[in-house]
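Dear colleague,

I am passing on the structure below for your files. My notes on it follow.

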Amino acid sequence: MNGGRWVWLVVLGVTGMVAAGCATMMAEKPTLYERLGGKEAIHTVVDDFVARVAADSSLKARFNFKESARTKAFIARGVPPPLAEMQAVGTLKAYLTEQICEATGGPCSYVGKDMKAAHAGMGITSAEFDTVVKHLVASLDKFKVPAEEKNELLALLGPLKKDIVEKP
């Protein structure tokens, strides 16, 4: 009888270890949002990305960054430009952060226009889209986003090209 109990204890112990191992193996992988570092990290990358796009003379007109002589004069004096001129960039950053946050499984809700509506009639070319992606990749690289997460993010955003590009 004691031998029978011992066998059952061993069987139950092994079964428990196998079940625990399976549960560990089946534990959910963190979301891309979590692996990217959350909303603050996404916002940091977006800030850098928008700055790169703003500095690219081939894209400035597309993003409607206001750089009037008046704005440049404020900046040259070290004074922030008027709020109206800053809002376009701030709004873009907020929308991009929310969009990436939501797309990567974060707790955000993107409330901006869908990409087709937001870019309708702009005549964006495939080359311009590719240039924007190049700037995003450079920002991701600057902050040392691992290749797996970078590729996963680009795979989420890549399909938007068909809704944004109107000219080959």
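**What was found**

The chain has 10 helices and zero strands; helices (H or I, at least four residues) and strands (E, at least two) are DSSP runs numbered from the N terminus. This is a predicted model, in which local features need pLDDT of at least 70 and side-chain atom pairs count only at pLDDT 80 or more, while totals for chains, interfaces and linings use all residues. Residues are numbered from 1 along each chain as its sequence is written, and side-chain values use heavy atoms, with hydrogens and water left out.

**Chain totals**

Of the 168 residues in the chain, 29% are buried (under 20% relative accessible area, with exposed over 50% and partly exposed in between; 1.4 Å probe, protein chains only). The accessible surface is about 10,700 Å², and carbon and sulfur atoms account for 64% of that; areas come from the Shrake-Rupley method with a 1.4 Å probe, and for residues only the protein chains shown count as cover. Taking contacts (heavy atoms within 4.5 Å) between residues at least 6 apart in sequence, 70% join residues at least 24 apart.

**Helix α3**

Helix α3 covers residues 38-55, which is 18 residues. From first C-alpha to last it reaches 26 Å, close to the 26 Å expected at 1.5 Å a residue; the expected span is 1.5 Å times one less than the number of residues. Its buried residues are Gly38, Ile42, Val45, Val46, Asp48, Phe49, Val50, Val53 and Ala54.

Cys101 is joined to Cys108, with an S to S distance of 1.9 Å. The torsion about this S-S bond is about 75 degrees, so the disulfide is right-handed. Both cysteines are buried: Cys101 has 0% relative accessibility and Cys108 has 9%.

Cys108 is also one of the residues touched by Glu98, the others being Lys39, Ser109 and Tyr110, when residues up to four places away in sequence are not counted. Glu98 is in helix α6 (residues 83-103) and is buried, at 18% relative accessible area.

**His119**

His119 lies in helix α7 (residues 115-119) and is buried, with a relative accessible area of 18%. Its side chain reaches the backbone oxygen of Met115 at 2.8 Å. Neighbours within four places in sequence aside, His119 is in contact with Ile124, Asp163, Ile164 and Glu166.

Regards

Notes. Disulfide = S-S within 2.5 Å. Polar contact = N/O pair within 3.5 Å; in protein donor to acceptor, adjacent residues only side chain to side chain.
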